[in-house]
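The following briefing concerns the sequence and structure shown below.

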2 protein chains.
Amino acid sequence: MNKAEKNVQREDKKGYPSPSLQRLPLYLRQLKQYQREGVEKASCTRIAQDLGLISVQVRKDLSMTGIAGRPKVGYNIDELISRIESFLGWDKKRKAVLIGAGALGGAILGYAGFVEHGLSICAAFDVDEKKIGTSIRSCPVYSLDDLEKFVEQNQIVIGIVTVPQSVAQLVTDKMVKAGIRAIWNYSPVRLNVPSNVVCETVQLSSSFAVLSSKVKSMLAEEKKKEQSKQ
Amino acid sequence: MNKAEKNVQREDKKGYPSPSLQRLPLYLRQLKQYQREGVEKASCTRIAQDLGLISVQVRKDLSMTGIAGRPKVGYNIDELISRIESFLGWDKKRKAVLIGAGALGGAILGYAGFVEHGLSICAAFDVDEKKIGTSIRSCPVYSLDDLEKFVEQNQIVIGIVTVPQSVAQLVTDKMVKAGIRAIWNYSPVRLNVPSNVVCETVQLSSSFAVLSSKVKSMLAEEKKKEQSKQ
DNA sequence: TTTAAAGCAATAAATTTTTATCGATTTTTT
DNA sequence: AAAAAATCGATAAAAATTTATTGCTTTAAA
């Protein structure tokens with residue numbers, strides 16, 4: 001590995017293990033389920049069982065939040081929930097805009113779950129004249145030309161990119177220029193952002209690749225079994 | 001870890017490293033980009049640079065497909081593309097149905113990229129009378145009651161779950177009963193499937209958790225800097 | 001024709017993430 | 001009141017993944 005490559009990698013000085021971070025929403029959902037059921041305490045053993053994980057992993061993951069549990073009892077669910085939420089910053093409202101009011105954009109606007117995570121999508125932007133001026137899921141759609149002004153005036157922190165990949169970088173540059181600090185990218189391209197802006201890309205095809213690999217090995221295994229029978 | 005926990009974990013005897021699998025679509029997209037540009041060969045160095053990775057990692061990932069490269073030159077792009085595609089089974093058409101013709105379902109139906117990955121969504125199913133009988137993106141929407149019959153008659157392999165979490169398991173059970181072999185789950189719950197069915201869940205909130213963590217540490221760092229200035 | 005540079009392939013080292021182990025603590029049972 | 005069971009927290013070990021190193025091969029330049 002040369003020095004240039006090294007520097008590219010060093011850009012993300014990660015604090016917490018990403019796999020652990022990714023599991024936190026799972027715990028959160030399960031814990032809220034317990035809450036609805038009227039349960040007050042939960043042990044790692046219980047949580048692990050319900051999520052198909054193992055207890056040590058759950059314990060280690062949850063320890064990121066600084067929660068203290070009691071032996072033989074577990075954690076207080078209310079406290080654990082608020083610990084996870086505050087750990088992720090989900091207890092604070094973060095203003096966002098969404099660029100690309102197409103089908104995917106509409107789906108994200110429609111998913112109520114994100115509101116619970118502090119995500120407040122204030123406006124959507126598009127270039128389609130037919131969409132501009134309308135509302136999608138009670139979120140106003142404005143012209144992309146007004147993006148920068150809106151971001152500046154409303155102190156928007158997060159930008160959600162749901163445009164075709166051909167214009168994703170363009171839109172990103174616009175947002176960065178306007179002062180956006182974080183980008184949640186649903187387009188399948190790597191976005192270039194300055195070091196003072198964070199970016200996270202959702203790769204739907206990555207997930208499909210994993211599924212495809214599972215399918216392939218499943219079918220291969222069955223073929224093998226089939227043959228050995230004869 | 002007790003024995004029960006061990007068994008839960010052992011269920012997924014993985015063949016290839018999941019992080020590597022997840023990067024394959026990235027390579028594929030970049031390679032197709034090269035193809036459009038008329039480039040014929042690409043080295044790991046080049047690919048790594050363009051994707052923000054390092055060359056050894058790219059080389060190791062690509063070696064999964066069994067491709068052979070030439071020193072000082074790199075890989076033949078056409079061959080590499082077809083190697084990756086066949087490795088993932090994306091060179092074969094796999095029939096799928098989609099359950100839940102809402103906003104998210106519509107977004108998936110509208111994403112042309114999946115067709116390139118061999119995914120052929122033959123029909124969508126819903127319970128909403130207003131949707132049944134219509135077409136979304138030239139994909140017919142049928143009543144959920146007809147799901148089992150359709151899956152059986154058309155030899156559907158993959159089921160895509162885009163229903164609210166409250167009915168996700170129900171729908172899954174229906175599909176499994178009908179003979180579906182793979183489930184691509186967009187609902188935020190863990191689905192129980194028999195061992196002869198594979199399942200992959202897309203966790204959008206996991207991605208948001210990672211972004212949120214980045215935002216939080218970014219803001220924290222800035223605060224620290226701000227304070228040290230005074 | 002020789003030398004240098006680029007880069008593949010394989011192997012080794014380092015890092016990260018997961019899993020196991022163990023002692024201590026709290027509750028429940030005897 | 002003592003013993004047993006559950007489970008936390010911390011530490012250690014194992015496994016998975018990433019990164020580094022080395023030698024060899026191919027191409028291009030001197």
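**Symmetry, interface and pocket**

Chain B is superposed on chain A by a rotation of 180° with 0.0 Å of shift along its axis, at an RMSD of 0.0 Å. This is the relation of a two-fold axis. The model is a predicted one. Two copies of a chain are, in general, related by a rotation about an axis and a shift along it.

**Interface of chains A and B**

- Contacts link 66 residues of chain B with 66 residues of chain A.
- Between them, chain B and chain A bury about 5800 Å², and carbon and sulfur atoms account for 64% of that area.
- Of the area that chain B buries against chain A, 11% is supplied by Arg29(B), Phe208(B) and Leu211(B), more than by any other three residues.
- The copies meet through the same surface, because 98% of the interface residues of chain B are also interface residues in chain A.

**Salt bridges**

- Side chains of opposite charge can pair when their charged atoms come close.
- Over all chains, the structure holds 18 salt bridges.
- The interface of chain B and chain A is crossed by 4 salt bridges.
- Glu222(A) is paired with Arg181(B) in a salt bridge whose closest N and O atoms are 2.6 Å apart.
- Within chain A, a salt bridge joins Arg46(A) and Asp50(A), with 3.1 Å between the closest N and O atoms.
- Both Arg46(A) and Asp50(A) belong to helix H3 (residues 44-51) of chain A, where they are 4 residues apart, about one turn of the helix.

**Second largest pocket**

- The second largest pocket contains about 970 Å³ of space.
- Its lining comprises 40 residues, of which Val163(A), Pro164(A), Gln165(A), Pro188(A) and Tyr111(B) are the closest to the pocket centre.
- By residue class, the lining of this pocket divides into 22 nonpolar, 10 polar and 8 charged residues.
- On chain A, helix H6 (103-110), strand E4 (119-126), helix H8 (165-178) and helix H9 (204-229) each supply at least two lining residues.
- On chain B, helix H2 (18-37) and helix H6 (103-110) likewise supply at least two lining residues each.
- H2(B) provides the largest share of the lining, 5 residues.

Technical notes: Residues numbered from 1 in each chain as written. Chains lettered and ligands numbered in written order. Predicted model: local features only at pLDDT ≥ 70, side-chain atom pairs only at ≥ 80, totals over all residues. Heavy atoms only, no water. 1 Å grid on protein atoms, 1.4 Å probe; cavity = no way out; pocket = protein on both sides within 12 Å on 5 of 7 lines; lining within 4 Å. Points joined across faces, edges and corners; volume = space filled by probe spheres on them. Nonpolar A, V, L, I, M, F, W, Y, C, P; charged D, E, K, R; others polar. Least-squares fit on C-alpha atoms with pLDDT ≥ 70 in both. Contact = heavy atoms within 4.5 Å. Buried area = accessible area lost by both parts, 1.4 Å probe. Salt bridge = Lys/Arg side-chain N within 4 Å of Asp/Glu carboxyl O.
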